[in-house]
Amino acid sequence: MNWGSFLTTQLPTLVVVIVGVPAVIVGYIVAGEFLVRRLPDAARPSVRPWLWVGPALFFVAAFLVVPAILTAKASLETSKGDFTGLTNYARQLGDFPSGGAWIAIRNNVYWLVLYTLFVLAFGLILAVLFDRVRYESLVKSLIFMPMAISSVALGVIWKFMYWYQPPGQIQTGTVNAILTGLLRTDPRIWIQDPKVNNFAIIGAAVWGITGFAMVILSAALKGIPADLLEAARVDGAGELTVFRRVIFPLMMPTVVVVGTTLVIFALKAFDVVYVMTGGNYDTDVLANRMYKLLYFSGNTGGAAAVAMILLAAVIPVLIFNLRQFRAVEARR
Amino acid sequence: MSIAVADRPGTAATAARFSPRWISDRLSKVVLHVAVIGLTAAWIVPTAGILVTSFRPFSKISTSGWWTALAPSFSFTVDNYSKVLGSSNLGQSFFNSFMISIPGTIIPIAIAAFAAYAFSWMKFWGRDWIFLGIVGVLAIPLQLSFVPVLSFFVAHGITSANLSWAPFLPVWLAHTGYGLPFSIYLLANFFRALPSDLFESAEIDGAGTLTVFFRIVLPLSVPALASLVIFQFLWIWNDLLVALIYVGGAPEVAPLTVTLANLTNSLGQGYHLLTAAAFFSMIIPLIVFLSLQRYFVRGILAGSVKG
């Protein structure tokens, strides 16, 4: 990098941004309040809230709500903006099972099921096991660490884990080294072989996110009253029975919350696939397909249709979330 | 987080020494520790592998697994780092990541704090429904917004190629829009839990809304704000998709994630360099994570108690 231009142009920009942006934001609210105070007493309570929520509502509307509506419209149009009805959808959903977006849809289903289940299972197992050892916080940090790194770095890490050399040569990738060295089987081309690559990629993603599930489930586990577990044990219940009959049912609400979050993550999956295969070798997912349609094919109508398919998959989760939220609010 | 760890499996202590019960308790303890340590070890293998590899010379990387480097004779080198930092624009990208992440963290959180305050302590028409709407927006895939927002930006010249004085403006605005629902949600939950007596006594003392917000609400909310800042910062630092869409891959503006993703495609045979680049990109998140983990975890817990 060029240090001269860095010091003369970029560093000042950064300083201006760090000082200026907060100044503008604070200035907005102070000036706004100043104006509100000029208003008659009766008008203030009805104006003030909009001053405070205004910017947020503007950004959410401008970047999420309105674009979502426009995308719904674009999905019914050609890239030039002419109305074409459901042509884009027909093209994306035609030629079942291998044409259009079907490979991506199939893979998103794999993600949805395997990613969610494995993360929940690992998260639960780790939370329960770690709860019983004194060095809990240390092992938790280590499991949680992948959460801090980017999916891009995660993709690089796992490409390297899945590195392949032809049979007979020294395997430098960890997974294939274990396969050939310990299990005495042939190495696999994890990333390119369509029989296994989706599972390999999902496995990498599971590794990255398990810490998230573990931390939340572990907090829920700590919330279970100790005397309840003690009572079950005194009644002669074995550890497995205690888990199945006491711990698991009490943790069910948290498992559901984590599960719905993971379902949304699975549907939106992009980075890991983009880095590991670019969606090639039958590993495409909807988010990546949309990106490719938009940038490499310039097919805005098709990209919008794929995004709408994604939304259709999210809507049940969204409704479920809103119901849960209102139930929680009602109890407040 | 470590309160209830101490004496959960309490029945073990009561069995007499060397009785069958004592032996089976001991055995299950051993199995437990083996399982815990084994699983944790398995979990750090991928990270350890890339860390070790990034310090190995190329000739070794291509002929033996990284684990062989852990036995003598040791041969480690920083060649991979100096080569990849010298030949790619990782240094520039590192700076760009800061340029994107810092405003992308400050702007949405400041705006969200105002909104969250209004949602939790002001009464206005449609308040609860609007808040419900924001909770619903949390689940909308960002992908849905790319086509319209990008075409709007392009049509009005708000692109990083066009704005040489503020090449990151589009991505700041985008991260503001995308980060707001979660930030509002988390902060409103926190603000609402503050005791209402605080506000009443402040009002009796004649304090204005601004004073209450800046002098009472914000200082009391430092833990929530801290976890949100860490969350949003790491999210943006690690983000690839939004950066690809709104900044693109031009070397002057690409953040670390984009540059690293480009390297994975271009460095087909230079894999040894990629390990160094990947680890380089992880430095800041790891520092943030290791030093501020407590807040990070708290943020996750606060954010996930949603329905």
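Modeller: Gladly; this is a predicted model, and we can go through its labels in turn.

Colleague: What makes residues 50-70 of chain A a helical span?

Modeller: Helices are DSSP runs of at least four residues, and residues 50-70 of chain A are 100% helix and 0% strand, with end C-alpha atoms 25 Å apart. Residues 302-322 of chain A are likewise 100% helix and 0% strand, and there the end C-alpha atoms lie 29 Å apart. UniProt, in an unreviewed entry, lists both spans among its transmembrane regions of chain A.

Colleague: How do you know that domain 1 and domain 2 of chain B are in contact?

Modeller: Contact requires C-beta atoms within 7 Å, and six residues of domain 1 of chain B meet five residues of domain 2 on that test. The domain centres, taken over C-alpha atoms, are 36 Å apart. On the domain 1 side, H1(B) gives the largest share, four residues.

Colleague: What makes chain B and chain A partners in contact?

Modeller: By the 7 Å cut-off between C-beta atoms, 93 residues of chain B are in contact with 99 residues of chain A. Helix H4 (residues 90-121) of chain B brings the largest share of the chain B side, 16 residues. That side has 63 nonpolar, 28 polar and two charged residues.

Conventions
Residues are numbered from 1 along each chain as its sequence is written. Chains are lettered from A and ligands numbered from 1 in the order in which they are written. This is a predicted model: local features need pLDDT of at least 70, side-chain atom pairs count only at pLDDT 80 or more; totals for chains, interfaces and linings use all residues. UniProt positions are given in the numbering used here, feature names are shortened, and annotations may be inferred rather than shown by experiment. Helices (H or I, at least four residues) and strands (E, at least two) are DSSP runs, numbered from the N terminus. Domain bounds come from an automatic or database domain assignment. Two residues are in contact if their C-beta atoms, placed from the backbone, lie within 7 Å. Ala, Val, Leu, Ile, Met, Phe, Trp, Tyr, Cys and Pro count as nonpolar, Asp, Glu, Lys and Arg as charged, and the others, Gly among them, as polar.
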